[in-house]
Structures are given as structure tokens and as C-alpha cells.
Amino acid sequence: MRRKGFFIASLIVILCLLAACQNKNIVTKGPEGEDISDEPNGSLYGFTEFVFSVDTKDKKEAIQAMYKEGRVHTEANYLNKIENIYVRGNKALKKLNEIFPDMSIDPETDDLDIIKQVTEAFEISDFEKASVKVKFKGHDPKDLMFTK
């Protein structure tokens, strides 16, 4: 009976480890290939969380982007149905690094200006709905939605 319990516990641990290794959204390298494990949160772009989704007339959720810095790891995800692009982890961060520098947003930026800068940076001018959630270190998150 004791062996059976040990076997089940071992199996659970192995399955948990395998599941953790399967998270392909995890970023291990910075946009230039550098190790980012020792970087303080918010040091890459000024924010620690960024979630963007936009609906166009032709496609619901035409573009989705997610970037989250955590104490243990950073995650990134980028989906662009217009250009048929779906990347996660390091590849997503590389793609987002092409976009994020075009935005100059901070906690004091006006909400409408954030929506404008984000949609311009993602090269979306004709959209029906855009939502942005951005969290700057030490500030409450801004959860914004704009519909035309």
C-alpha cells in the first residue's frame, strides 16, 4: 500500500513538471537575445503587463497581444489573424519588441491617447473595438475599451 501511494505521488510530480515545461508562452531571452532573468520588472518597456485585443469589421479578435512580467518568469503571446501570425514565448517577444518602442505610454498618459498610440503601433486604423490593459509598476492597471 505504501508503494502504491509513493508511485501515485511520484506520478503526480512528474506530470506537474511536464505540464510546466509545456508552457511555450514563457520568455527566456530578451528581444536582443540577452538573458532577462535578473532584470527588474518593468525595465524592458516601462510596464509589467500589457494585453491588447482588437476587432476589425472583417475579423473578431483580429490582433491579440499579451506580455506579462512576473517575479518568476515573463510570458508573451502574439496573434495576428490579418497576417496569419501566431507566435509565443521568445518569438512573440521579438515581434512585440518591433511594436512596443513605437508607443510612448506611461501611467500619466491619457486613456484615449493610450488607445490611439497602441492601435497606431499595431498598425490598425480601421477597427470596431479595441481593448487595452496595461499595468505600470507601482500603479493600478488601466483597463481600457474603445468602440467606434
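**View 1. Strand E2, residues 47-55, in the predicted model.** Of the 9 residues in E2, 8 are buried, so the rest of the structure largely encloses this strand. E2 pairs with strand E6, residues 129-136, in the antiparallel sense. That pairing runs over 8 bridges. Val54 has Ala130 as its bridge partner in E6. Asp55 is bridged to Lys129 of E6. E2 also pairs with strand E3, residues 63-69. Here 6 bridges join the two strands, again antiparallel. Phe52 is the residue that stands opposite Ala65 of E3.

**View 2. The loop between E2 and E3, with Glu61.** Glu61 sits in the loop that links these two strands. Its phi is positive, at about 50 degrees, although Glu61 is not a glycine. Most residues other than glycine have a negative phi. Glu61 has a relative accessibility of 34%, so it counts as partly exposed.

**View 3. Strands E6 and E7 as a hairpin.** E6 is joined to strand E7, residues 142-147, by 6 bridges. The two strands run antiparallel. Lys129 has Thr147 as its bridge partner in E7.

**View 4. Asn84, in the loop between strand E4 and E5.** E4 spans 74-80, and Asn84 lies in the loop between E4 and E5. Is Asn84 buried or exposed? Asn84 is exposed, with a relative accessible area of 73%; the cut-off for exposed is over 50%. Asn84 is not a glycine, yet its phi is positive, at about 55 degrees.

**View 5. Ile85 and its contacts.** Ile85 belongs to strand E5, residues 85-88. With a relative accessible area of 22%, Ile85 is partly exposed. The cut-off for buried is under 20%. Leaving aside residues up to four places away in sequence, Ile85 touches Tyr78, Leu79, Asn80 and Lys95. Ile85 and Lys95 are 10 residues apart in sequence. Their C-alpha atoms are 9.9 Å apart.

**View 6. Helix H2, residues 89-99, and its two sides.** Which residues of H2 are buried? They are Gly89, Ala92, Leu93, Leu96, Asn97 and Ile99. These residues cover an arc of only 150 degrees around the axis, so they lie on the same side of H2. Lys91, Lys94 and Glu98 are exposed on the other side of the helix.

Key. Residues are numbered from 1 along each chain as its sequence is written. This is a predicted model: local features need pLDDT of at least 70, side-chain atom pairs count only at pLDDT 80 or more; totals for chains, interfaces and linings use all residues. Side-chain values use heavy atoms; hydrogens and water are left out. Buried means under 20% relative accessible area, exposed over 50%, partly exposed in between (1.4 Å probe, protein chains only). Helices (H or I, at least four residues) and strands (E, at least two) are DSSP runs, numbered from the N terminus. Two strands pair if DSSP finds at least two bridges between them. Contact means heavy atoms within 4.5 Å. The arc is that of the directions from the helix axis to the C-beta atoms.
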